[in-house]
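Welcome! Take a look at the sequence and the 3D view, and then let us walk through a few places together.

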Amino acid sequence: MSRFVRSIRHFGSSSFRLDSLVFIEGSAGKVNTASLSAVTAAAQIGKPITALVAGPEGEAIASEVGKINGIDKVLLAKGENYSHYLAEELSPLIKDVLEDSKFTHFITAATSVGKSVLPRVGALVDVQPISDLIKVESENTFVRPIYAGNALATVRSNEKLILASIRASAFAPTPVEGGSSSIEEFTPKSKAETSSEFVSEDLITSERPELGSAKRVVSGGRGLKNKETFEKLIEPLAAKLNAAIGASRVAVDSGFCDNSLQVGQTGKVVAPELYVAVGISGAIQHLAGMKDAKTIVAINKDPEAPIFNIADIGLVADINEAVPELVEKL
Amino acid sequence: MSQKLRILVPIKRVIDFAIKPRINKTNTGVETKGVKFSMNPFCDIALEESIRIKENNKDLVEKIHAASIGPTKAQDILRTALAKGADTTTLVDVGDEEVEPLNVAKILKKIVEKENSNLVILGKQAIDDDSNQTGQMLAGLLNWPQATNASKVQIEGDSVTVVREIDGGSDTLRAKLPMVISTDLRLNEPRYASLPNIMKAKKKPLEKIKASDLDVTIESRLETLKVEEPPQRKAGIKVDSVDELISKLKEIKAI
């Protein structure tokens, strides 16, 4: 049985010494890119950073995390019960860690795990969390989008403990290099009591880069008409540009592609270098998910489509002709 | 023997999803005067799911109770909920005050206790504050299992199986009642309320209370310092051909 060695801290006036805790997700021994963005946000808050890794295969991930410059310490909770990142299991663990060392900040990426876990932790420690922040103004003041990104709210928390999720696309991932921090095992005091169990998962495997962190994204919408055309036009263009594939809600709802590829307020929020919108009109819910892309290209036959209001380069053309031509000439 | 379901559906009144919100003159929020309000789309999906569970399992559902926390006008969306198929409703009238998710969850916990609910189905997020927190907080306060972003819900006895939309695909979780489920867009297609049902809904129960009646003090933990327009993108250009598109992309080093 491993023992958690409690570090001795001095509180008093030197409140700046109190640490930020960052929750790290990983898979297959690798740290998720979104969690590396969470480390960047935590670094901007300016306090020493402790990373929390959980899961039976956490050792490999913890040793990766230890290599990140700027991380003071890595806490590893190895339990089998953390293997699928269930909120019911993670929340009491995080509560124990937060209370054990009196952290001032807890940061997680706004992934599906982060979104599920963070508010539950908030309820357990009686703190109102801040979701999906895109900018750190100071240690207690942050900017977050509301109304599908149509407004930016600057929010100050007056809580002693600040809980926040960060929008990964708004913070560059911290490189895994330059650090050598120690790994300590953490054993929670309490055990979660829950009837929740993980049954199965169905992940979409693709040769294309992951949508959330891709440098280039090619997205298709209503104009693709059906699944066949979507695959025929979007995939070759994405392959040529080494881009991830995205989609509008209509394309997803009409079954052109998988749900997990939806870009928008209710899907993924991306901010790639290049976003190519093919046959997408540009409803506000879609724009919420991509309008921070560096360069936006729109190809649409409707010159009045709202997407042209935000596109850097627009081409009014029939996508059935323009896209194959583009693939050939790239 | 399976227990009867007493479903609670929390619903929120928000600016209609099709309207582009405008920032108010004092930069403290979004202009709400003369703007169309509707039921939050995710709440509509949660309500629809509850009604379908009732329709598909004749004797399983004892009651669907819809609750809203908001201004007096939020009773309009509760009437809509009653017209669609909710049995009873509660409006927690808080005036025009914006209530943070933690407070909402605390109020909902009291309503769960009052209504003896054993299943809460609610939207994954409100399209105004985009927090995506209330369901998870309520589950945490009650120490109930939670399943977020549901795209499929199956109930067998007291066991609930939920397919969830997650990054990269989907997963399936199972838990025992009582539990909290938050709905994703793909769960169902909400129905419209028919005119006869709208008329009938006027006779259904709509209880009006205050947060203090539930012994909850609303205290804001966050302070909104300002609300601003996001930076506008510079006007782009239109090109006439694929060749021109490629040369522009090369020019700005995007490819």
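A:Ala170 sits in the loop between strand E11 (162-166) and strand E12 (182-185) of chain A; helices (H or I, at least four residues) and strands (E, at least two) are DSSP runs, numbered from the N terminus. With a relative accessible area of 36%, A:Ala170 is partly exposed. Here buried means under 20% relative accessible area, exposed over 50%, and partly exposed in between (1.4 Å probe, protein chains only). A:Ala170 and A:Ser37 are 133 residues apart in sequence, yet their C-alpha atoms are 8.1 Å apart in space.

## How to read this model

This is a predicted model, in which local features need pLDDT of at least 70 and side-chain atom pairs count only at pLDDT 80 or more, while totals for chains, interfaces and linings use all residues. Residues are numbered from 1 along each chain as its sequence is written, chains are lettered from A and ligands numbered from 1 in the order in which they are written, and side-chain values use heavy atoms, with hydrogens and water left out.

## Aromatic pairs

Over all chains, the structure holds two aromatic pairs. Rings of Phe, Tyr and Trp (its six-membered ring) pair if their centres lie within 6.5 Å; planes under 30 degrees apart count as stacked, over 60 as edge-to-face and the rest as tilted. One pair, A:Phe23 and A:Tyr85, is edge-to-face, at 5.8 Å centre to centre with 80 degrees between the planes. A:Phe23 belongs to strand E1 (residues 20-24) of chain A, and A:Tyr85 to the loop between strand E5 (71-77) and helix H3 (87-101) of chain A, 62 residues apart. A:Phe23 is buried at 2% relative accessible area, and A:Tyr85 is buried at 14%.

The rings of A:Phe230 and A:Phe256 have centres 6.4 Å apart and planes at 50 degrees, so this pair is tilted. Both A:Phe230 and A:Phe256 are buried.

## Charges over rings

In chain B, the charged end of B:Arg13 sits over the ring of B:Phe37, 4.0 Å from its centre. The rule is that NZ of Lys or CZ of Arg is within 6 Å of the ring centre and within 35 degrees of the ring normal. B:Lys238 lies over the face of A:Phe308, at 4.6 Å from the ring centre.

## An annotated domain in chain B

An unreviewed UniProt entry places the feature "domain: Electron transfer flavoprotein alpha/beta-subunit N-terminal" at residues 27-218 of chain B. UniProt positions are given in the numbering used here, feature names are shortened, and annotations may be inferred rather than shown by experiment. Over residues 27-218 of chain B, the chain is 30% helix and 31% strand.
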